[in-house]
Amino acid sequence: MLYTPEIIDELRMLSYYNLANIDEGLKAHHTADPAMIAAVRRLHEKGLVTQEDGGYLTDLGREAAEHAQAALTILTSVPEIG
């Protein structure tokens, strides 16, 4: 499976969630980037967030956000080889 622009947008949205505070949600306002609004809607359709405009992570969403944020941390902190 390839990383499509839509999947990358969804991963980007998941990276914005604060995993240290489960009571902190996100809201994609109508003035947000249309790609991000669409990404949040897809995350909701997939059962990863509680509201169509964001809200809180579901249990599955939290797991996905943990993996997305861990991958981002690894990919941005590994030193260059060579």
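Leu14 touches Leu43, Leu57, Gly61, Ala64, Ala65, Ala68 and Gln69, leaving out residues up to four places away in sequence; contact here means heavy atoms within 4.5 Å. The model is a predicted one, in which local features need pLDDT of at least 70 and side-chain atom pairs count only at pLDDT 80 or more, while totals for chains, interfaces and linings use all residues. Residues are numbered from 1 along each chain as its sequence is written, and side-chain values use heavy atoms, with hydrogens and water left out.

**Helix α1 and its buried face**

- Leu11 is found in helix α1, which covers residues 5-15; helices (H or I, at least four residues) and strands (E, at least two) are DSSP runs, numbered from the N terminus.
- Asp9, Glu10, Met13 and Leu14 are buried in α1, where buried means under 20% relative accessible area, exposed means over 50%, and partly exposed lies in between (1.4 Å probe, protein chains only).
- Seen down the axis of α1, these buried residues fall within an arc of 140 degrees, so they line one face of the helix; the arc is that of the directions from the helix axis to the C-beta atoms.
- An α-helix has 3.6 residues a turn, so residues three or four places apart point the same way.
- The cover over the buried residues of α1 includes β1 (26-27), α2 (34-45), β3 (54-57) and α3 (59-77).

**The nonpolar core**

- The largest nonpolar core has 15 residues, and those with the most contacts inside it are Met13, Leu14, Leu43, Val49, Leu57 and Ala65.
- Helices α1, α2 and α3 each supply at least two residues of this core, and α2 gives the most, with 5 residues.
- Such a core is a set of buried Ala, Val, Leu, Ile, Met, Phe, Trp, Tyr and Cys residues joined through side-chain atoms within 4.5 Å.

**Leu11 and the surface patch**

- Leu11 has a relative accessible area of 33% and is therefore partly exposed.
- Tyr3, Ile8 and Leu11 form a nonpolar patch on the surface, with about 330 Å² of accessible area together.
- Patches are made of residues with over 30% relative accessible area and no salt bridge, with like charges joined within 9 Å and nonpolar side chains (Val, Leu, Ile, Met, Phe, Trp, Tyr) within 5 Å; accessible areas come from the Shrake-Rupley method with a 1.4 Å probe, and for residues only the protein chains shown count as cover.
- Leaving aside neighbours within four places in sequence, Leu11 is in contact with Tyr3 and Ala68.
- The C-alpha atoms of Leu11 and His44 are separated by 13 Å, and the two residues are 33 apart along the chain.

**Salt bridges**

- The whole structure has 5 salt bridges, a salt bridge being a side-chain nitrogen of Lys or Arg within 4 Å of a carboxyl oxygen of Asp or Glu.
- Glu10 forms a salt bridge with Arg42, with the closest N and O atoms 2.5 Å apart.
- Glu10 lies in helix α1 and Arg42 in helix α2, so this pair ties together parts that are 32 residues apart in sequence.
- Glu10 counts as buried, at 5% relative accessibility, and Glu10, Arg42 and Lys46 are linked in a network of salt bridges.
- Asp53 and Lys27 meet through their side chains in a salt bridge (2.3 Å, N to O).
- Asp53 lies in the loop between β2 (49-51) and β3 and Lys27 in strand β1, so this pair joins parts that are 26 residues apart in sequence.
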